[in-house]
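Morning, everyone. Please bring up the sequence and the model.

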Amino acid sequence: MQPSIVTFIETILDAEAARQHHPSTQWHATDCNALPDVLNPGIETGSCTCGVPAQVLAEIQSRRALLDEHGDVNDGECGTCVDGHWGYPTHGGSSPQRYPCRSLRLLALPYASHEAYLDEWQPPTRR
Ligand SMILES: [Zn+2]
Ligand SMILES: [Zn+2]
């Protein structure tokens, strides 16, 4: 079975969060004290002074909150988004966006080259 767009994004966020929690896979600025000093390999590494892993984790937390806000499906429509000018068909006046809504599609878009990404998740072009 194909993963839902929510499962797809959750899986990626879980992997990114795990990477930022592990000392050997965290991202740091090149001058961060947490990185080993190649010129002085005997010196112990210190605490993170660049803040990059914490920043990435905060961004992941924010994206999780957005997922949560847009993951509710009501009869095939997003429980949060009302159609505006996003290019989805409207039924006259404002109507809920079809699921997955543009917000979910945009959250998944940075991973469009991932093997599990489905082309049908591409956000529609704005009119
Ligand atoms: Zn750092
Ligand atoms: Zn939505």
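Let me start with a question: why does proline 3 count as partly exposed? Proline 3 has 13 C-beta neighbours inside 10 Å, so it counts as partly exposed. The cut-offs: buried means 20 or more other C-beta atoms within 10 Å of a residue's own, exposed means 12 or fewer, and partly exposed is in between, with C-beta atoms placed from the backbone.

Some ground rules. This is a predicted model, where local features need pLDDT of at least 70 and side-chain atom pairs count only at pLDDT 80 or more, while totals for chains, interfaces and linings use all residues. Residues are numbered from 1 along each chain as its sequence is written, and chains are lettered from A and ligands numbered from 1 in the order in which they are written.

Now the layout. The protein has three helices and three strands. Read from the N terminus, the order is α-α-β-β-β-α. Both kinds of element are DSSP runs, numbered from the N terminus: helices are H or I with at least four residues, strands are E with at least two. Of the 127 residues, 13% are buried.

Back to proline 3. Its place is the segment before α1 (5–21). Leaving out residues up to four places away in sequence, proline 3 touches Phe8 and Ala116. Contact here means C-beta atoms, placed from the backbone, within 7 Å. Tyrosine 117 is 114 residues along the chain from proline 3, yet their C-alpha atoms are separated by 9.0 Å.

Phenylalanine 8 next. Across the protein, 41% of the contacts with a separation of 6 or more join residues 24 or more positions apart.

Phe8 also belongs to the largest nonpolar core, which has 10 residues, among them Ile5, Cys78, Tyr99 and Leu104. α1, β2 (77–82) and α3 (102–108) each give two or more residues to this core. A nonpolar core is a set of buried Ala, Val, Leu, Ile, Met, Phe, Trp, Tyr and Cys residues joined through C-beta atoms within 7 Å.

Two backbone points to finish. First, the peptide bond from tyrosine 99 to proline 100 is cis, omega near -5 degrees. Proline 100 sits in the loop between β3 (96–98) and α3.

Second, aspartate 75. It is not a glycine, but its phi is positive, about 50 degrees. Aspartate 75 lies in the loop between β1 (73–74) and β2. Buried or exposed? Aspartate 75 is exposed, because 7 other C-beta atoms lie within 10 Å.

Technical notes. Two residues are in contact if their C-beta atoms, placed from the backbone, lie within 7 Å.
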